[in-house]
Amino acid sequence: MNQTKPNPPTFQDLILRLQTFWADRGCVLQQPYDVEVGAGTMAPETFLRVLGPQPYKVAYVQPSRRPADGRYGENPNRLFKHLQLQVILKPPPENVQELYLESLGAMGIDLRQHDIKFEEDNWESPTLGAWGIGWQVMLDGLEITQFTYFQQCGGVDLDPISAELTYGLERIAAFLQDVDSIYDIVWARDPETGRVTTYGDVRLADELQFSVYNFEAADVERTWKHFELCEAECKGLLEKYAALEKGQNPRPVSPKNGETRTGHPDKKRFPLLGAYDLCLKCSHLFNILDARGAISVTERVGVIARVRALAVGIAKAWVDQQREAPTESEDEEPAGRKEKAKKEVAPAVS
Amino acid sequence: MPDFLLEIGCEEIPARMIDDALQQLGMRVGELLAREGLGLPASVRGFSTPRRLSLMASVSPGQPDVEEQVLGPSVKVAYKDGEPAPPAHAFAKKVGLSLAEVKKVTTPKGEYLAATVKKKGRTAREILADFLPKEINGISWPKNMYWRKPSERFVRPVRWLVAMLDGEVVPLEFDGIAAGKTSRGHRVIGQSQVEIPQASAYIEVLRTAKVLDAQERLIQIRKALDEATRAIPGARWREDKSLLDTVVNLTEYPSVILGNFDREFLELPAEVLVTVMRDHQKYFAVEDASGKLLPYFLAVLNTDGDPQGIIRHGHERVLRARFTDARFFWQTDQKHPLRERGEWLKHVTFQKDLGSYYEKTLRVQRLCSWLSESVRQNGMAIRPGVIHKAAYLAKTDLTTDLVKEFTELQGIVGGLYARVQQLDEDLPESTRFAIADAIYDQYKPESMEDSVPRTVEGAMLAIGDKADSIAGMFALGIIPSGSRDPFALRRQANGIVKTIAEKKLPLLLTEVLFAAREAYRGSEAEKKFSAKVDFNGAVQDFFRERLEFYLRDVLGFKYDVVNAVLAAGADDVVDAAARAEAVSKVRPSADFESISVAFKRIKNILRQASETGKQVGAGIDGNTLGESAEKDLAAMIPVTAKAVEELRQKHDYEPALVEISKLRPAVDTFFDKVMVMVEDERVRANRLALLATLLKEFSTIADFSEIVTEGK
């Protein structure tokens, strides 16, 4: 029963409407990242793009896996894997809140008929060395979006900062369609036959089987091995990158021949993106081990610190790599800007 | 006088920070007005919503011009042989006067040249434009951010500024934003831009833009809550001051809706329902006259109404999902009763260096045995079989889904589960309930306003749990200092003091903490302990401060009484409170006051003696006593001391103090007639011994020299 929403959007309509809205406002529409992540923030389109001085606007859907949140498909409000729509605005425009409210209109929400509040909620991810200040946006008592001004990422102070909007798509769809269970959300409606496919049709098997896998079946010993292999490979890459940094020629090349940088020719092609994938895998494997109850007290803090060390190492190396191997547009920037960018590498005060 | 208006327009400020920030801003600007001679701090009025901090004040148009006397060089230097020398000309030039206009003044240092100069006052507009950015920047926030330059910080991005004197803009700039006359209305139901024609019209203009001040919102919310509740006969909304403060600061234009939920959810414990409504949804609970929950709730909206019931429908939907979750967790938790969860605590960290909650559980069990034994030996009854079991189960609710979801219900959920689950074969129901109550109360008191555990067993567990945390942290070197107290150890220590005091427990603070430290003996955690910490000393100082706080700020004893009492012992809470009570009662009497003065004098004399190396006799030598005044006093000491000691043993402190104050005539006469610091070394040492004995014998209840006496 909801008089105002006679034709609520299907789940896929909702995604399309939001994507269209943000594409119209200059965002690159990215596709979901193809490595398991716990949140849209962890996708490189956020984690790496918010670092450094380059402006960027992007929107993408990110399936987010949280093994410990699985409920075997039995709980109407909880999921092992949910979908986030993530928007990054770097730097945030002055009217970022107003833009966000407009996006609610695009979904079919008439604000004049609802109660909207921005309530304090600051976000922090110890594993990513990242945190920000912001709100949870409440619509008629329902948290529909996490709105964050990023302050630090991978232990690096951000300049400029980014605004991150994370829409909880299942919640919003259940709200718009006025259903009490996520699994009853209409995902798609065939325009010819009118046949409905629900969220349950699409995803229930995932929820059940991955709950069984994460809580019962995952082999602890082998999962640990995976973790350690990924960690070792990631660390190995970071060490090689550090060696490049040390090995580089610190003497500025004479400005006479037109070069002003002390760059190392191999840095630009160094696979830090590969290292970051390995870090994401570690984070996900840790989550499986945690859901499996396989992480003891003494280990837990230590393992989080290990993943964090990878993330922080990559963030710092990434900032360095961006500076060393700039894109065309950065080439044209005045030298002062580059000097400033260098300072970002300094460890952040907490 | 012109009306001044300042409005800082901001993205939503966290509700918890608004009141304090507005007060800080008001103080700062008030001081600015006073400092610059523009107005009175009392004239500053505040106005706030989540999106703005505003101030209004009556200010002078500007500073008056003032005449100031400027001092120049001394006449000796300025004139040579009666003729003006270069320094005189230089001074005249500096102040812009002719030499004839320069005066000579006489100062304590001699004769100097002087001139009266006029200083032009600055306008309010200039001063405010200059100084306000600094005052705005001076607000200290619990947490702030940057959005442009890392050096410019505020609680949330500032989006507009209004600064006006009557109808004119005060040209100030803050974080790149220039002040103007344009404010903003309510996000949804008001105009996005509103022009303020006159500073004095601010409140009325905002009202038309659907923005009300906090005070008005509070009144409107209370009224609306009352009205909505009237729809249900015999019902009332549950009063909740902190929730009211929160919703006032989450709205610019509030209204209230009454929603309901399925009656079957009332089967869940009221604690769970209220936590979901109050803490998670910021709803007011509705109850009947006996305080029993009814299946309704009240939500405060930030809009002017809900004519079609759409918003109510949304809130009801969210609450239903939350309650369904809670019921789901409650049911799944029962699959593994608490007694199975003890071992699970091995996987839950208490503190990284202090190990798991399992280890904590075993320590608290040992400590609680010691506490019960100690209390029992002092004649207090403890029900058998309760504490040991309660301590074992106390933390098991940390592994339940319900507590993982509603962390603020830790302890309470354990208590509720213990009531409905079988804890052990053949456990009588009364014992089970006693265990459940102790678990339920283990975190009490959570503040000085909160009540202490209901039962002695609950008190033991609550004290044991807190003492274990404090002892562990102190041993690691994590000791609260200044505003740094990340584990809220002060609050926990205050809880121990309050519990001992109100339950009248025969426990000594330091012994409890030393026993808690003992419980770590031989553990893994002990290897991490800091070698640099003087554990006993640190614990003693810390708890003395906590007891001082309790006696002074919670029980309301005067600070000097508290100092006097604690100087005579700060370990036994119940006893210290009784002594403070007795001292406070006798304190107004003239005899007692006089004794206090005398004791101060005695202390001074003994200190001087010790500083100048004068010998104090080992005891009073009767044969050396000469004057009758000293003989009389010496004779009185043992008699009075005996009487006082007998009363003290029985904790009859008031009569004991009255007994001490009877020494007054003898003491007064002694000081009138007898000179202590005489030349004769033997006599002097004996008289000092007399005073030392007096001080020692009669400072066991309180150190009277700490009592502040009027005008003496």
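A polar contact is taken here as a pair of N or O atoms within 3.5 Å, where, within protein, one must be able to donate a hydrogen and the other to accept it. By this rule, five residue pairs in polar contact (both at pLDDT 80 or more) are found across the interface of domain 1 of chain A and domain 2 of chain A. The structure is a predicted model, and the values that follow were computed from it.

The two parts of chain A are domain 1 (11-217) and domain 2 (220-343), according to the domain assignment. At their interface, 30 residues of domain 1 of chain A are in contact with 27 residues of domain 2 of chain A. About 2,500 Å² is buried between these two domains of chain A, with carbon and sulfur atoms giving 63% of that area. The number of salt bridges between domain 1 and domain 2 of chain A is zero. Sorted by class, the side of domain 1 of chain A that touches domain 2 of chain A consists of 20 nonpolar, six polar and four charged residues.

Chain B is divided into five parts by the assignment: domain 1 (3-62 + 124-208), domain 2 (66-119), domain 3 (214-333), domain 4 (343-556) and domain 5 (578-706). A distance of 47 Å separates the C-alpha centres of domain 1 of chain B and domain 4 of chain B. The secondary structure of chain B comprises 26 helices and 20 strands. Chain B has a radius of gyration of 35 Å, whereas the globule rule gives 27 Å for 712 residues; the computed value is well over that figure, so chain B is more spread out than a compact globule. The C-alpha trace of chain B spans about 95 × 95 × 55 Å along its principal axes.

The interface between the chains was examined next. The size of an interface is often given as the accessible area lost when the parts come together. Between chain B and chain A, the buried area is about 4,300 Å², and carbon and sulfur atoms give 49% of this area. Contacts link 53 residues of chain B with 50 residues of chain A. Seven salt bridges are counted between chain B and chain A. In the salt bridge that B:Arg320 forms with A:Asp180, the closest N and O atoms are 2.8 Å apart. The count of residue pairs in polar contact between chain B and chain A (both at pLDDT 80 or more) is 26. Elements of chain B that each supply at least two residues of the side touching chain A are α1 (15-35), β18 (293-301), α9 (310-333) and β20 (355-356). With 13 residues, α9(B) provides the largest share of the side of chain B that touches chain A. By class, this side of chain B has 21 nonpolar, 14 polar and 18 charged residues.

A local feature of chain B involves B:Ser699, found in the segment after α26 (681-697) of chain B. The side chain of B:Ser699 reaches the backbone oxygen of B:Leu695 at 2.6 Å. When residues up to four places away in sequence are not counted, B:Ser699 touches B:Ala568 and B:Phe599.

Terms used:
Residues numbered from 1 in each chain as written. Chains lettered and ligands numbered in written order. Predicted model: local features only at pLDDT ≥ 70, side-chain atom pairs only at ≥ 80, totals over all residues. Heavy atoms only, no water. Domains from an automatic or database assignment. Contact = heavy atoms within 4.5 Å. Buried area = accessible area lost by both parts, 1.4 Å probe. Salt bridge = Lys/Arg side-chain N within 4 Å of Asp/Glu carboxyl O. Helix = DSSP H or I, 4+ residues; strand = E, 2+ residues; numbered from the N terminus. Nonpolar A, V, L, I, M, F, W, Y, C, P; charged D, E, K, R; others polar. Rg over C-alpha atoms; globule rule 2.2 N^0.38 Å.
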